[in-house]
Amino acid sequence: MVEFDHFKMQAGLPSFVLSVSEWIEKTNAIGIFVKKGRYGGTFAHKDIAFEFGSAISVPFKLYLIDEFQRLKQEEQKLIGWSAKRELSKINYHIHTDAIKFNLIPKKVTPYQASLIYAEEADVLNMAMFGITAKEWR
């Protein structure tokens with residue numbers, strides 16, 4: 001039996017605080033401490049608390065795993081959006097130069113040129129994000 005097994009068996013019992021104190025002393029643990037009295041309790045760094053909670057409670061461990069996976073999926077969605085945004089930002093000058101030299105006739109007013117740029121920008125927005133600049137706003 002390792003030190004943690006004794007600690008795990010005591011979890012939830014009135015002697016739990018004493019068990020933690022003994023465990024801290026025996027292992028020279030840092031990041032965890034016991035405060036006695038009113039408003040007292042056992043306090044630990046969040047990583048230590050998650051590990052102890054996972055060892056003591058299977059539902060808690062499953063909850064942590066599910067939550068971690070959910071957060072990673074959300075992160076991937078944001079990274080995908082960010083990658084598309086960065087790609088469009090990097091290619092902006094290439095696109096505007098292509099519009100300027102290939103799509104805009106030589107004899108147009110600046111206002112007409114701005115409309116052509118806006119229309120082509122909307123084509124790019126639709127291709128990258130599925131919405132126009134006006135919808136984005």
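Colleague: What makes Tyr39 exposed?
Modeller: This is a predicted model, and in it Tyr39 has a relative accessible area of 64%. The cut-off for exposed is over 50%, so Tyr39 counts as exposed.

Colleague: Where does Tyr39 lie?
Modeller: Tyr39 sits in the loop between β1 (32-35) and β2 (41-44). Its phi is near 65 degrees, a positive value in a residue other than glycine. Most residues other than glycine have a negative phi.

Colleague: How many helices and strands does the chain come to?
Modeller: Seven helices and two strands. Along the sequence they follow the pattern α-α-β-β-α-α-α-α-α. Of the 137 residues in the chain, 13% are buried.

Colleague: Let's go to α4. How do you know that its span agrees with its number of residues?
Modeller: At 1.5 Å a residue, the 33 residues of α4 should span 48 Å, and the end C-alpha atoms are 47 Å apart, so the two values agree.

Colleague: What happens at the start of α4?
Modeller: A side-chain oxygen of Ser57 comes to within 3.2 Å of the backbone nitrogen of Phe60 there. The limit for a polar contact is 3.5 Å, so this N and O pair falls inside that distance.

Colleague: Phe60 also turns up in an aromatic pair. How many such pairs does the structure hold?
Modeller: One. The ring centres of Phe50 and Phe60 are 6.3 Å apart, with the planes at 35 degrees. Centres have to lie within 6.5 Å, so these two rings pair.

Colleague: Why is the pair called tilted?
Modeller: Stacked needs planes under 30 degrees apart and edge-to-face needs over 60; the planes here are at 35 degrees, so the pair is tilted.

Colleague: Which parts of the chain does the pair link?
Modeller: Distant ones: Phe50 is in helix α3 (residues 46-56) and Phe60 in helix α4 (residues 58-90), ten residues apart.

Colleague: What makes Ser54 buried, then?
Modeller: Ser54 has 15% relative accessibility and the cut-off is under 20%, so Ser54 counts as buried. Ser54 lies in helix α3, and its C-alpha atom is separated by 9.8 Å from that of Ile65, eleven residues apart along the chain.

Colleague: Why is Val58 called exposed?
Modeller: Its relative accessibility is 57%, and exposed means over 50%, so Val58 counts as exposed.

Colleague: On to charges. How many salt bridges does the structure hold?
Modeller: Two. One is Arg70 with Glu67, and another is Lys72 with Glu75.

Colleague: How do you know that Arg70 forms a salt bridge with Glu67?
Modeller: Their closest N and O atoms are 2.5 Å apart, and the limit is 4 Å, so the pair qualifies. Arg70 and Glu67 both lie in helix α4, three residues apart, about one turn of the helix. An α-helix has 3.6 residues a turn, so residues three or four places apart point the same way.

Colleague: What makes Lys72 and Glu75 a salt bridge?
Modeller: With 2.7 Å between the closest N and O atoms, this pair is within 4 Å, so it counts. Lys72 and Glu75 are also both in helix α4, three residues apart.

Terms used:
Residues are numbered from 1 along each chain as its sequence is written. This is a predicted model: local features need pLDDT of at least 70, side-chain atom pairs count only at pLDDT 80 or more; totals for chains, interfaces and linings use all residues. Side-chain values use heavy atoms; hydrogens and water are left out. Rings of Phe, Tyr and Trp (its six-membered ring) pair if their centres lie within 6.5 Å; planes under 30 degrees apart count as stacked, over 60 as edge-to-face and the rest as tilted. Helices (H or I, at least four residues) and strands (E, at least two) are DSSP runs, numbered from the N terminus. The expected span of a helix is 1.5 Å times one less than its number of residues. A polar contact is a pair of N or O atoms within 3.5 Å; within protein, one must be able to donate a hydrogen and the other to accept it, and residues adjacent in sequence count only if both atoms are side-chain atoms. Buried means under 20% relative accessible area, exposed over 50%, partly exposed in between (1.4 Å probe, protein chains only). A salt bridge is a side-chain nitrogen of Lys or Arg within 4 Å of a carboxyl oxygen of Asp or Glu.
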